[in-house]
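Q: Please take a close look at the inside of this model. Which residues sit there, and what lies around them?

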Amino acid sequence: MAPAEQKYAELHLHLGGAVLPRILYTYLQRKKGDRIDQHGSTIASQMLRRFPTYERFEKRLTKASTTLDQYLEAHKIVEPLQSHEALPYFINRLLRGCTIFENLAYLELRYNPYYRLPKGLTLHDARDQMEDIVSTIAIAAEACAADYPIVFTQILCLDGRLSREVNEAILETAFAMPNEVCAVDVAGPYSAYAEREKELLHLLGRARAGGLKVTGHAFENQEGCFPKILDYLDRIGHGIQIPLRSPKLLTKVAQRGQCLEVCPTSYFRTGTIKSYAELAPVFNHCFDMGIDIAVCTDNSALHGVRLPLEFERLLTHGIIDFKKMEACRAAAFRHAFRWPGNSQ
Ligand SMILES: [Zn+2]
């Protein structure tokens, strides 16, 4: 299928940063008095004690940070709220926003299913419940497909903070659910990735050999420059430090036909860049080398910046022109793992 005109494809959006703080908070207020879902009600009460007003909740979730590790802390607050019971509500509201305010035709939603589970499960139970999470998200998306017609698929994230067994279980969940899950990703702090690189690369190799697509957070900031992972990726999550610091690696990136998932607002929020001008070499080098860039939001709900606005800001700062904007918009559809007609 040709890219839908004037529509957008979002390739890099984390569930933890996809649901607006206002929607999360409304859910907590409703959940607080739920007598049937005791677990949900307890979490909601605890959270409302910690953040007695919406303003405090929003301020915490959207707080500026100076490092990626600090920035990731907001996800730790959101993840336990996105339990199995809560997910249909959040997915419905997410897809509503993506349709009405963002003009999305395609969405790959990524998340770590393990972080949505209650604590203290055995590995066996965790494995079962992760499949439930994936199914629930898929069913909730399907249920609103008539109202919000977005081609929707899921990416499961591996994480260096988790044990080998848990990461293996996440990979097995992805293998077990090929209709719902298109790919795996590696996310989390780069310090944790560094400690488990060999193990994680082995899992990415297995993912590819088993027919899954692979994307991975890499070369996002100075700490994230791990060249080995590039051999395993279909797309590169961020990758901006390749043109900025290691342009020699671009030759191979171009030969492999890899696309960079560039999420401009994130780099301000993690203290990686201070001005849009710093992104100019990223786009210029990649265009010169014929490397595709898909502009993405990463965590649009925590940034308050939806995908069309990411493009608009790149335009107004003179980083891209309208021709390059169109090239990036079309590239996202070409590199989408499940856009109808793309080879899989
Ligand atoms: Zn990300």
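A: A residue is called buried if 20 or more other C-beta atoms lie within 10 Å of its own, exposed if 12 or fewer do, and partly exposed in between, with C-beta atoms placed from the backbone. This is a predicted model, in which local features need pLDDT of at least 70 and side-chain atom pairs count only at pLDDT 80 or more, while totals for chains, interfaces and linings use all residues. Residues are numbered from 1 along each chain as its sequence is written.

Of the 344 residues in the chain, 46% are buried. His-238 belongs to strand 6, where strands (E, at least two residues) and helices (H or I, at least four) are DSSP runs numbered from the N terminus. The phi of His-238 is positive, near 80°, although the residue is not glycine. Most residues other than glycine have a negative phi. Phe-219 is another exception, with a positive phi of about 50°. Phe-219 lies in the loop between strand 5 (213-218) and strand 6 (235-238), and counts as buried because it has 27 C-beta neighbours inside 10 Å.

The chain has 16 helices and eight strands. An open sheet of eight strands has the order 1-2-3-4-5-6-7-8, with parallel pairing; two strands pair if DSSP finds at least two bridges between them. Its edges are strand 1 and strand 8 (293-295), each of which pairs on one side only. From one strand to the next, the twist averages 25°; such angles run from 0 to 180 degrees between N-to-C directions, along axes fitted to C-alpha atoms, for helices over the stretch in contact.

Although strand 1 (8-14) is an edge strand, seven of its seven residues are buried, so the rest of the structure largely encloses it. Strand 1 runs parallel to strand 2 (104-111), and five bridges join them. Across this pair, Ala-9 has Tyr-106 as its bridge partner, and Glu-10 has Leu-107.

Ala-9 and Tyr-106 are also among the residues with the most contacts inside the largest nonpolar core, as are Ile-150, Val-184, Ile-293 and Ala-294. This core has 102 residues; a nonpolar core is a set of buried Ala, Val, Leu, Ile, Met, Phe, Trp, Tyr and Cys residues joined through C-beta atoms within 7 Å. Beyond its neighbours within four places in sequence, Val-184 is in contact with residues including Ile-155, Leu-171, Ala-207 and Val-214, contact meaning that the C-beta atoms, placed from the backbone, lie within 7 Å. Helix 7 (164-176) lies across strand 3 (151-159) and strand 4 (181-187), running at about 160° to strand 3.

Helix 4 (68-78) has buried residues too: Leu-68, Tyr-71, Ala-74, His-75 and Val-78. Seen down the helix axis, they fall within an arc of 105°, so they line one face of helix 4; the arc is that of the directions from the axis to the C-beta atoms. Their cover includes helix 1 (21-31), helix 3 (54-61), helix 12 (264-269) and helix 14 (300-303).

Notes:
Contact = placed C-beta atoms within 7 Å.
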